[in-house]
Amino acid sequence: MPFLAKALPAQLFYLGMILGFMGSPGPLHAAHLPDEPWRLVRSRLGIEEYRHPTSGLRVLLREEHSAPVVTLMTVYGVGSRDESKGTRGFAHLLEHMMFRDSAAYRRPSGNSVPEMMNRIGAIFNGRTGHDATDFYAVIPRGGVETVLGIEADRMKNLTLGQEDLDLEKSVVGSEFDRLENSPLTSLEFALWGKTFGDHPYGRPVIGTRSDLKKATPQALREFYARFYRPDNCRLVITGDFRTGELLAKIDRYFGRIGALSQDPSPKRPGNAAVKRRFRRVTLHRADQMESLALAQPIPAFNSKDIPALEVLAQILGGGKTSRIYKGLVDRGLVNEAGTEMFKDHDAGLLITRAFFAPGTRHQEIEKRIFEIYRRLRIAGVSDRELVGAKAALGRRYNFQWDGTFALADALSEAVAAGDWTSFVDGPEKIKHVTVGDIHRVARKYLTKGNTTAARLVSKKRSARAKPREGAPPLPEAPKEKDFPKKTPVPAKAKQLGPEDSDGIFSGSKFSARVKTSRVGSIQAVTLGMGTPGIVSVAGSLDRAGLGYSPGKAIPVLVTLMLEEGTLKRGKLEIAEKLEEMGGEIRFQTGLERVGFQVRVLASDLEAAMGILAEELRMPAFDPREFEKKKAAARAALLKAASSPPEQCRAALSRAVYDSGHPAFQPKFERQMQELDRLSVRDLSEFHANHYGPHGMILVAAGDVTHEKFSALVKKFFGDWRKHKISKLKVSRVSMPMSGSMKHIQLPDKPQMTLALGHGIPFNMRDKRFYALYLANRILGGGMSGRFASRLRENLGLTYHIFSDLEDFGRDLEGSWHIEMILGAAHADQALAEIHTEIAGFLKEGAAPGELQDAKNGVLGSYQVKLDNTSGAAAALLRGLEWGFGPGFLEEFPLKISALKVEDVHEEARNFFHPNRLAAVLCGSFPEEPAGKEEG
């Protein structure tokens with residue numbers, strides 16, 4: 001069949017083609033291995049598995065030298081399915097405790113795990129699932145040995161003291177509240193619980209509050225000793241390293257670790273036996289949104305049915321060409337819908353979800369989904385659907401090779417389920433899936449008698465919160481005499497030498513590969529990278545963002561409509577073409593510009609650029625599609641009105657900015673009114689006046705030559721007419737003379753959000769920005785920032801707190817934003833602690849070592865963001881948008897490195913004012929203060 005012959009080879013999808021595509025690794029020479037021999041267990045597609053001869057530790061390695069970045073994942077074979085009554089939630093609690101003190105890494109010594117990770121600029125965290133717990137760090141290559149030392153020490157020497165446990169219990173309690181805040185998360189818990197019953201998969205991974213409360217250090221030590229051991233661990237490491245050298249380092253740190261228990265490797269529960277019957281669960285919440293989920297139990301990850309089920313899931317609900325989208329979203333019955341497949345060790349779920357506003361009948365949507373199932377069972381699928389689904393799955397697989405984290409993440413998921421080779425073997429198995437296989441698994445699994453139906457029903461109470469004016473002001477900042485002892489800061493950081501510089505400050509290597517040219521008024525830029533066969537394009541149009549329209553809804557809806565068909569092709573035709581080539585195009589509305597991203601195989605770049613040009617230049621603005629987008633936007637506003645973070649951010653924007661600033665958000669009621677007044681003509685006029693080539697930037701990163709890319713830009717955009725050039729009316733930002741406080745009452749939200757902020761009166765190009773950026777990093781940057789150290793690590797008041805400099809642009813002035821989640825009982829204390837920490841920093845400034853740590857963290861994380869083609873293209877685009885040249889990739893590290901302690905302290909004192917912060921607290925208040933209004 002011509003379509004089949006044409007489509008699949010273009011994906012470079014099958015394993016034989018991928019192997020040639022990625023480049024076959026050379027043989028591993030014995031001279032490259034450490035003296036203590038590792039046993040090479042398996043090698044596939046350049047991924048090599050080694051086993052340590054004495055400890056039993058297994059290591060998955062893949063060298064990839066396109067960027068000086070490494071991802072290191074430590075995967076332990078312990079998850080919620082290994083827990084029993086009394087220990088439910090222990091796997092997750094231990095994940096938290098792994099960031100507490102160990103023998104060599106301790107907060108009192110200034111070298112705790114978060115502090116050390118932040119010093120090298122790591123993007124790091126931990127995750128607990130049904131089958132495994134993993135810890136990941138994406139790092140500059142010079143930080144590998146630091147992370148190996150951390151992982152080895154906390155594998156065997158975790159302290160697990162009572163004080164740390166009490167603090168982390170409080171943090172996990174805050175996480176419980178956060179999850180219960182979300183109606184969709186609560187519905188998901190109910191869905192899995194109803195389906196799996198007594199099997200561990202039926203319980204939330206976070207566990208139970210009762211077992212958390214009863215957890216003791218001794219009980220955790222026993223759990224830790226049983227599961228945290230080298231023979232129950234896999235290291236997954238991808239990126240810029242040399243295999244022999246890395247194995248020698250791993251042996252140095254892990255080689256002498258024996259099992260922490262004399263028990264054999266832990267035994268695990270058997271497969272989940274889910275009886276085939278219809279189940280229903282209904283959840284009532286006050287949120288102004290509703291949802292329906294239909295789930296079918298499926299077998300374990302290694303079942304012969306899994307490849308066919310993956311293809312079925314894609315055909316059923318995998319995008320605009322899917323049966324669910326065409327049958328529900330395209331007909332305007334729901335706002336969003338799709339299908340997701342979970343592959344776990346014991347069993348999994350195939351879940352189809354639909355989201356809609358209150359007033360839609362659940363019975364009608366459920367009936368339509370079952371009708372889609374019935375037709376799949378009776379008639380099966382077409383050859384065209386099969387080919388398209390395989391292409392889409394091929395795209396997903398190909399993109400998992402783009403960047404060290406994407407690959408390590410995919411491998412760790414396969415390790416957690418039971419076998420990493422299921423990742424590399426998956427495409428080969430999908431290659432052999434037939435129409436008959438799809439028909440067979442549809443008949444087997446898509447039945448009402450094998451379904452759990454979960455409904456989220458709104459209580460129909462208005463969740464449009466009314467902020468209470470005249471609420472009590474923020475507490476005054478403490479006087480100097482009230483300052484507590486200064487928060488401990490790390491010991492002086494090592495000054496980086498040439499070897500470290502190669503591992504952290506390597507922007508110049510990217511900058512030297514940047515090529516740029518002009519196509520009329522369009523700037524075309526390329527960055528050659530070593531990721532073979534993949535290209536990412538990041539671009540933007542000037543003067544088309546929120547700041548160029550009096551109503552915020554118009555630019556947003558124009559952007560949404562770009563994907564809904566052009567004057568040449570309908571949206572489904574475009575979706576099918578993108579699916580066939582395995583590409584993706586995404587748009588987003590910014591404050592000043594409209595951005596877009598394209599990721600595609602290099603062989604399909606021209607076709608993808610052609611579609612991008614059509615969508616940008618000649619959107620159809622079909623009235624029927626417009627009404628669907630309006631309905632989806634209404635539902636999104638209702639959802640935001642029920643969300644503490646969204647309500648807080650919107651209210652804070654009104655306190656910080658005047659109505660002329662692009663980041664100013666009107667109240668949700670007003671946004672709804674504006675949306676209702678819009679017509680297609682409003683969108684068409686805005687597009688005609690603001691979309692055009694002036695100030696357009698296109699950046700391509702990956703496997704592309706500058707000559708080819710600039711020729712494509714000329715072909716598709718070279719004759720684009722110049723549009724009306726509007727000037728951004730720059731709204732100056734000022735700081736208030738005093739602080740303010742608002743409360744917003746939201747029902748069913750025990751986990752509250754606190755947001756604080758004030759304006760910063762300069763734009764991104766001001767030289768003071770860099771010093772203030774470092775000052776913010778010291779206060780609110782990550783788990784080792786002063787806010788997190790004090791409120792999370794030392795006091796256990798929050799699961800999450802951060803601060804950032806937001807909304808700055810080439811011409812835009814922005815703000816300082818602090819945000820945390822917390823329980824209502826902690827609100828007053830949290831406010832006081834934030835004020836205390838800021839005041840202390842303004843009085844004392846940063847210690848020299850603290851500043852050096854902040855510099856290392858900023859520059860390391862900056863490099864880490866260049867890990868893949870998408871990240872590199874986006875980083876280069878941002879610099880160009882801000883008015884800097886292509887050399888920004890190397891200029892930014894130099895500007896940060898040159899800053900001194902006094903520079904940072906001066907700008908912090910000039911622009912951080914705790915007594916001028918506007919504050920908004922959103923959520924369910926257990927007791928109503930006088931005058932508080934309920935939304």
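A residue counts as buried when its relative accessible area is under 20%, as exposed when that area is over 50%, and as partly exposed in between (1.4 Å probe, protein chains only). By this rule, helix H31 is mostly covered, with 16 of its 17 residues buried. The structure is a predicted model, in which local features need pLDDT of at least 70 and side-chain atom pairs count only at pLDDT 80 or more, while totals for chains, interfaces and linings use all residues. Residues are numbered from 1 along each chain as its sequence is written, and side-chain values use heavy atoms, with hydrogens and water left out.

**Overall composition**

- The protein has 34 helices and 23 strands; these are DSSP runs numbered from the N terminus, helices being H or I with at least four residues and strands E with at least two.
- Of the 935 residues, 61% count as buried.
- Contact means heavy atoms within 4.5 Å. Among contacts between residues at least 6 apart in sequence, 83% join residues at least 24 apart.

**Helices H31 and H7**

- Helix H31 covers residues 848-864 and reaches 24 Å from its first C-alpha to its last, close to the 24 Å expected at 1.5 Å a residue. The expected span is 1.5 Å times one less than the number of residues in the helix.
- Helix H7 (residues 183-196) has 14 residues and spans 20 Å between its first and last C-alpha, close to the 20 Å expected.
- The buried residues of H7 are Pro183, Ser186, Leu187, Glu188, Leu191, Trp192, Thr195 and Phe196.
- Their cover includes helix H6 (162-181) and several strands, among them S8 (279-285) and S12 (452-458).
- After H7 comes Gly197, which has a positive phi, near 55°.

**Packing of H28 against H34**

- Two packed helices are described by the angle between their axes and the distance between the axes.
- Helix H28 (residues 768-780) packs against helix H34 (residues 901-911) at an angle of about 90°, with the axes 8 Å apart. Axes are lines fitted to C-alpha atoms, for helices over the stretch in contact, and angles run from 0 to 180 degrees between N-to-C directions.
- H28 and H34 are therefore roughly perpendicular, a term for angles of 65 to 115 degrees; those under 35 count as roughly parallel, those over 145 as roughly antiparallel and the rest as oblique.
- Arg768, Ala771, Leu772, Leu774 and Ala775 in H28 meet Asp903, Val904, Glu907, Ala908 and Phe911 in H34.

**Aromatic pairs**

- Rings of Phe, Tyr and Trp (its six-membered ring) pair if their centres lie within 6.5 Å; planes under 30 degrees apart count as stacked, over 60 as edge-to-face and the rest as tilted. By this rule the count comes to 26 aromatic pairs.
- The rings of Tyr76 and Phe135 are edge-to-face, because their planes stand at 80°, and their centres are 6.2 Å apart. Tyr76 lies in strand S4 (residues 69-76) and Phe135 in strand S6 (residues 133-140), so the pair ties together parts that are 59 residues apart in sequence.
- Tyr76 is buried, with a relative accessible area of 0%, and Phe135 is buried with a value of 0%.
- Ring pairs link Phe762, Phe769, Tyr770, Tyr773, Phe808, Tyr862, Phe892 and Phe911 into a cluster.

- Gln523 is placed in strand S14 (residues 522-528) and counts as buried at 16% relative accessibility.
- Gln523 and Val699 are 176 residues apart in sequence, yet their C-alpha atoms are 8.3 Å apart in space.
- Leaving aside residues up to four places away in sequence, Gln523 touches Thr516, Ser517, Arg518, Met696, Ile697, Leu698 and Leu880.
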